[in-house]
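Dear colleague,

Please find the structure below, with its sequence. My notes on what was found in it follow directly after.

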Amino acid sequence: EACLARIEDAGALGAFVHHTIDVAREQAAQADKRLQGREEAPALCGIPLGIKDLFCTRGVASQAGSRILEGFRPEYESTVTAQLFDAGAVMLGKLNMDEFAMGSSNETSVYGNAVNPWRRQGDDAALTPGGSSGGSASAVAADLCLAATGTDTGGSIRQPAAFTGITGIKPTYGRCSRWGIVAFASSLDQAGPMTKSVRDAAIMLGAMCGHDPKDSTSADLPVPDFEAMLTGDIRGKVIGIPREYRMDGMSAEIDALWAKGRAMLEDAGAEIRDISLPHTKYALPAYYVIAPAEASSNLARYDGVRYGHRAKLAPGDGITEMYEKTRAEGFGDEVKRRVMVGTYVLSAGFYDAYYNRARKVRTLIKRDFEQVFADGVDAILTPATPSAAFALGEMKDADPVQMYLNDVFTVTVNLAGLPGIALPAGLSGEGLPLGLQLIGRPWEEGDLLNCAYTLE
Ligand code: GLN
């Protein structure tokens, strides 16, 4: 009830785009029943969550922030949300996001942007909550729900978490099933929790992940008790500080935040080591070839026949006109840009020059990480974002590449398939949250969460 009241009051944040109060009351009643007479409650029993609009939820609008999915009500439930509901979680509604998760400010959403509950000191300008999981970040930061689901293809959990002062983890590629999550770039997409604390992230991640025969890339590995791994003991762990992440023009404030994180880990008994990830500078261009390539293929299914919106046709229009008009009306500018870039880099004449080259670069980036892990590094500390949250509108109409630069610290992790966590680590001079990122070894989310725990 407290969350529902908060949601009413905070409508202006634009965090929730579909309310599911009836579903929530029904799930809450079920949770009450499950709890009756039990001394120990399942961890998520009765916990009110928000669900990113990218997850298909049975019978509930699931539009991925796009006009083209208008009216789409899936007849199935994504594996991740099904597992959360089985663990007793309650869905309050669907959360705002950039269209098809393409963006870093939540401004490409068909619903209009979500707003960051934080403001700069002495300045009333509305700020972005980040993207693409902007609604999730805004809702958790403003206490509209206890936690939310996010997805992260190139930073969409970690960047909004950093912009709103919450915690978000992208697990190893293959930890969470992608089944029933609207696909953006299938070799990069992962779901993960966005929460108020590392402990909440550990609990929620445990319920979200696990093997799923319906997703052939989901890993058949046991899911450890992540919460039990939060001992706070990181003595003897080796933390790498990658020199290539010290970008030209990095602000003094971000530099100081990074130094503070380093000192905290050292105080907790970790050994700090300067490391090199030499191919880092190619990550952003490789990502912005690979992600649009996969997106252009994934989005081919929105043809006006199978899902959602179909354009009104004129007499004499045939199937080609139906495709063209539907896609012209249904997709926003950023999505069209990605589809055009993607089809271009996959086209016969340019495939080797762009897509294949980007895939080779991706392998080199992955090898950089493998090398430092083989040399004994347990986790890598970096800033989560190059700046604090920026004002809504500030970047929207600029050169789109300016927006892409936001992802400079986060996309490497997706390209290499590694787990990465962002967590709040201080405030900017203007009083806005700043986040640090820790990157871990594949499948070792438990150790990564424990490292992050010492930074809280
Ligand atoms: N900013 C990235 C992009 O626009 C974020 C993608 C994501 O993680 N969903 O592609």
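In helix α8, Val289, Pro292, Ala293, Ala295 and Ser296 meet Arg338, Val339, Val341, Gly342, Thr343, Val345 and Leu346 of α10; two residues are in contact if their C-beta atoms, placed from the backbone, lie within 7 Å. By class, this contact of α8 with α10 has 8 nonpolar, 3 polar and 1 charged residues. Here Ala, Val, Leu, Ile, Met, Phe, Trp, Tyr, Cys and Pro count as nonpolar, Asp, Glu, Lys and Arg as charged, and the others, Gly among them, as polar. The axes of α8 (residues 283-298) and α10 (residues 333-346) come within 7 Å and cross at roughly 100°. The two helices, α8 and α10, are therefore roughly perpendicular to each other. Angles under 35 degrees count as roughly parallel, over 145 as roughly antiparallel, 65 to 115 as roughly perpendicular and the rest as oblique. Axes are lines fitted to C-alpha atoms, for helices over the stretch in contact, and angles run from 0 to 180 degrees between N-to-C directions. Helices (H or I, at least four residues) and strands (E, at least two) are DSSP runs, numbered from the N terminus.

Please note that this is a predicted model, in which local features need pLDDT of at least 70 and side-chain atom pairs count only at pLDDT 80 or more, while totals for chains, interfaces and linings use all residues. Residues are numbered from 1 along each chain as its sequence is written. The chain averages a pLDDT (the predictor's confidence in each residue, from 0 to 100) of 96, and 100% of the residues score at least 70. For the complex, the predictor gives an ipTM of 0.98 and a pTM of 0.98.

Val198, Ala201, Ala202 and Leu205 of α6 make the contact with Glu445, Leu449, Ala452 and Tyr453 of α14. By class, that contact has 7 nonpolar, no polar and 1 charged residues. Helix α14 also lies across β5 (167-170), β9 (379-383), β10 (420-427) and β11 (433-440), running at about 145° to β11.

These strands belong to an open sheet of 11 strands with mixed pairing, in the order β1-β3-β2-β4-β6-β5-β10-β11-β9-β7-β8; two strands pair if DSSP finds at least two bridges between them. At the edges stand β1 (16-19) and β8 (271-275), each with a single partner strand, so one side of each is left without a neighbour in the sheet. The twist averages 30° from one strand to the next. Strand β1 pairs with β3 (residues 90-95) in the antiparallel sense over 3 bridges, and Phe16 has Leu95 in β3 as its bridge partner.

Gly131 and Ser132 are joined by a cis peptide bond, with omega about 5°. Ala101 has a phi near 70°, a positive value in a residue other than glycine.

With kind regards
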